[in-house]
Amino acid sequence: MPKKIKNCFYKNLTFDKLYAAHLRARKHKTYKNEVINFELNLENNLINLLNNIRKKSYHLGKYYEFKVYEPKERIIKALPYIDRIVHQWYVEEFIKPYIVPKFINSTYACIQNRGTHNAVDQIQKYMRIYKRNNKNFWILKCDVKKFFYNIDPVVLYSIMQKYISDKALLDFTHLLIFDKNTSVNNVGIPIGNYTSQFFANIYLNELDQYVKRILKIKYYVRYMDDFIFLLDTKDDCIKIKAKIENFLYEKLHLNLNDKSRYYPYKMGVNFCGYRIFCTHRLLRNNSKIKIKNKVKRWNRAYFKGNLNFTYALQSINSWIGHCSHCNSYTLMKKILNSCDFLYNE
């Protein structure tokens, strides 16, 4: 793996690679008008896009915004379809093959063959190993305050410069980071962009490297802006937390959320949707509350005759899949038995 990305921008700027990016971008969205309209003149649209990038006349389109309320209220910014093709091409051709392999092994967000369940498995494995050597260890759990909204594009670009020496690719990276920046005080990156999740991971990889190379902490797991340390004592937690706060503020212009705290391992840890203990794991309480409320709504809709049965079935199956990764058989059975719409069909 080369230290920096060199002489590859124009080699990867081909019709075939843009077409492959289009196929990825349209996945699960083939019914949308903007995708249909783009495909009506697919070849010309891709050739024009290729030429615009090559001639450096390409610019991002206008964002449109909408809100999501799960797991919490957030403003999502989405670009036109053609820009999502560009993001797919950029990430798949440059970020994934050259930068992602340089991440540490215990970071799990937005990485192929890793994910929430792998992160949960890893932290529980670490807890079990640690308990063999320290019967009363401590957990330091941190997360970053309004992470995406506080990423500094200037700092992000300086980090990308460490990975890229190809001038054309660096110029294009600058365009993706700064073009159409509509954030407050020019700080933050749009949550809805495909590139954003990877830029965010690259941003906090600086923290990962600091933790591993400077602090030399072995038992550390990160999933996006949530990260966990296993440490010997409460004093260790206090010292490490102070160092992390200082590093984030000085190097990345970020702050820890007030919810960041440390406690004895016996209390378990809330992480990636589960309450994790050395011996077992449970669903988080808010997950239980949400599924119970959903079942009540689905039952009411069913008896009124206006239930979207397909959506309800997909949702309950998704929840069962999530539930199957923890010790919640009794809860699962109770929830399924309360689904009147399942047994009256």
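The side chain of Asn299 reaches the backbone oxygen of Ser338 at 2.9 Å, a polar contact (a pair of N or O atoms within 3.5 Å; within protein, one must be able to donate a hydrogen and the other to accept it, and residues adjacent in sequence count only if both atoms are side-chain atoms). The model is predicted, so local features need pLDDT of at least 70 and side-chain atom pairs count only at pLDDT 80 or more, while totals for chains, interfaces and linings use all residues. Residues are numbered from 1 along each chain as its sequence is written, and side-chain values use heavy atoms, with hydrogens and water left out.

**Asn299**
- Asn299 lies in helix α11 (residues 285-304); helices (H or I, at least four residues) and strands (E, at least two) are DSSP runs, numbered from the N terminus.
- Asn299 counts as buried at 10% relative accessibility (buried is under 20% relative accessible area, exposed over 50%, partly exposed in between, with a 1.4 Å probe and protein chains only).
- Leaving aside residues up to four places away in sequence, Asn299 touches Ser338, Cys339, Asp340 and Phe341, where contact means heavy atoms within 4.5 Å.

**Aromatic pairs**
- Rings of Phe, Tyr and Trp (its six-membered ring) pair if their centres lie within 6.5 Å; planes under 30 degrees apart count as stacked, over 60 as edge-to-face and the rest as tilted.
- The count by this rule is 26 aromatic pairs.
- Tyr90 and Phe172 form a tilted pair, because their ring centres are 6.2 Å apart and their planes stand at 40 degrees.
- This pair links distant parts of the chain, with Tyr90 in helix α4 (residues 81-99) and Phe172 in helix α8 (residues 167-178), 82 residues apart.
- Tyr90 is buried at a relative accessible area of 0%, and Phe172 is buried at 6%.
- Phe309 and Phe341 make an edge-to-face pair, 6.2 Å centre to centre with 80 degrees between the planes.
- Phe309 is in helix α12 (residues 309-323) and Phe341 in helix α14 (residues 340-343), so the pair ties together parts 32 residues apart in sequence.
- Phe309 is partly exposed at 27% relative accessible area, whereas Phe341 counts as buried at 0%.
- Ring pairs join Phe9, Tyr10, Tyr58, Trp89, Tyr90, Phe94, Phe172 and Phe199 into a cluster.

**Sheet**
- An open sheet has three strands in the order β7-β8-β9, with antiparallel pairing; two strands pair if DSSP finds at least two bridges between them.
- β7 (269-271) and β9 (281-283) are at the edges with a single partner strand each, so one side of each has no neighbour in the sheet.
- Three bridges join β7 to strand β8 (residues 274-276), and Val269 stands opposite Ile276 in β8.
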